[in-house]
Amino acid sequence: MTEPGLFELEAVVVGQPKRSWWRRYSGPDLTVSSLEGIPLALVTHIDGTLSLLSEVSGEDVVRIERRTRFGPFEQFAPTSFHFVDAAGHEVGTAGTRGLVKTRQLSLSTEQGRRLFLTRRGNLGLEWRLTETETEESPDQGPAPEPLGRVTVSTVDRWVGLQQYVVELGPGLGVSERLTVVASVVCLHLLRRPPGGGGPA
């Protein structure tokens, strides 16, 4: 029986690998694994503008390119991430807007499908994946069932390691799941920039 691929699973875990407080760590910045803990892919941050998502075999999946408008108000400017495959084709994007960049990511898939990854509450630990930009309101009625959800937790409070459980519903195709998983990497970069402070 053939095992499902990286972007065919109903759920994956994107997280910071365990490391010692006392020893210099030299492994990947993030790993993507199954719920059972089987490693599927690795994320390496090259610099502040480029990260690589590759399978454990070493084959590149996508480059995650971060683009920000530079200037005196750079921290308030929108940030966009572009996902580029090994052939140089853009296969998805994720972007932020507003002062709280981790509140919502606007996603666009290779086929042009628009998705929104929205945090539940300003300090919530869950983001919902929907095709609508706004949460439920008394005027619009209850929000539709999410296409997926992302839940973050701290798995090592001593070191402060973060882990994201990414649940992917049946309404998402393989390329759309790629965009969502890559966007969770972007979410982590926004919350815990390399060399930066604690989570946001």
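This note goes through the fold, the paired strands, the helix and the charged side chains of the structure above.

1. Basis of the note. The model is predicted, and for that reason local features need pLDDT of at least 70 and side-chain atom pairs count only at pLDDT 80 or more, whereas totals for chains, interfaces and linings use all residues. Residues are numbered from 1 along each chain as its sequence is written, and side-chain values use heavy atoms, with hydrogens and water left out.

2. Overall fold. The protein has 1 helix and 12 strands, where helices (H or I, at least four residues) and strands (E, at least two) are DSSP runs numbered from the N terminus. Read along the sequence, the order is β-β-β-β-β-β-β-β-β-β-β-β-α. Of the 200 residues in the protein, 44% are buried; buried stands for under 20% relative accessible area, exposed for over 50%, and partly exposed for the range in between, with a 1.4 Å probe and protein chains only. Among contacts (heavy atoms within 4.5 Å) with a separation of 6 or more, 35% come from residues 24 or more positions apart.

3. Helix H1 covers residues 174–191, and its 18 residues should span 26 Å at 1.5 Å a residue, which agrees with the 26 Å between its end C-alpha atoms; the expected span is taken as 1.5 Å times one less than the number of residues. H1 is mostly covered, with 17 of its 18 residues buried.

4. Strand E6 and its neighbours. Strand E6 (residues 79–84) is mostly covered, since 5 of its 6 residues are buried. On one pairing, E6 runs antiparallel to strand E5 (residues 60–68), joined by 6 bridges, and Ile64 has Phe83 in E6 as its bridge partner; two strands are said to pair if DSSP finds at least two bridges between them. E6 also pairs with strand E7 (residues 90–95) in the antiparallel sense over 5 bridges, with Val84 opposite Glu90 in E7. E6 and E7 form a hairpin with 5 residues between them, and Gly88 in the turn has a positive phi of about 90°.

5. Strand E10 and its neighbours. E9 and E10 run antiparallel and are joined by 4 bridges, and they form a hairpin with 6 residues between them, where Gly121 in the turn has a positive phi of about 85°. E10 and E11 pair in the antiparallel sense, again over 4 bridges. Trp127 takes part in both pairings, being the bridge partner of Arg119 and having Val150 in E11 as its own partner.

6. Arg119. This residue lies in strand E9 (residues 114–119). Arg119 is buried yet has no salt bridge, the nearest side chain of opposite charge being Glu126 at 11 Å; here Lys and Arg count as positive and Asp and Glu as negative, while His and the chain ends are not counted. A salt bridge requires a side-chain nitrogen of Lys or Arg within 4 Å of a carboxyl oxygen of Asp or Glu. The Arg119 side chain does make a polar contact with the side chain of Thr102 at 3.3 Å, and the Arg119 side chain reaches the backbone oxygen of Gly124 at 2.8 Å. A polar contact is a pair of N or O atoms within 3.5 Å; within protein, one must be able to donate a hydrogen and the other to accept it, and residues adjacent in sequence count only if both atoms are side-chain atoms.

7. Salt bridges. Side chains of opposite charge can pair when their charged atoms come close. The count in this model comes to 7 salt bridges. Arg67 and Glu65 form one of them, with their closest N and O atoms 3.0 Å apart; Arg67 counts as partly exposed at 41% relative accessibility, whereas Glu65 counts as buried at 18%.

8. Glu131, partly exposed at 48% relative accessibility, meets Arg113 in a salt bridge (2.9 Å, N to O). Glu131 lies in the loop between strand E10 (126–130) and strand E11 (148–156) and Arg113 in the loop between strand E8 (104–109) and E9, so the pair ties together parts that are 18 residues apart in sequence. Arg128 forms a salt bridge with Glu126, the closest N and O atoms being 3.2 Å apart, and both residues are buried. Through shared partners, salt bridges join Arg120, Glu126, Arg128 and Arg149 into one network.
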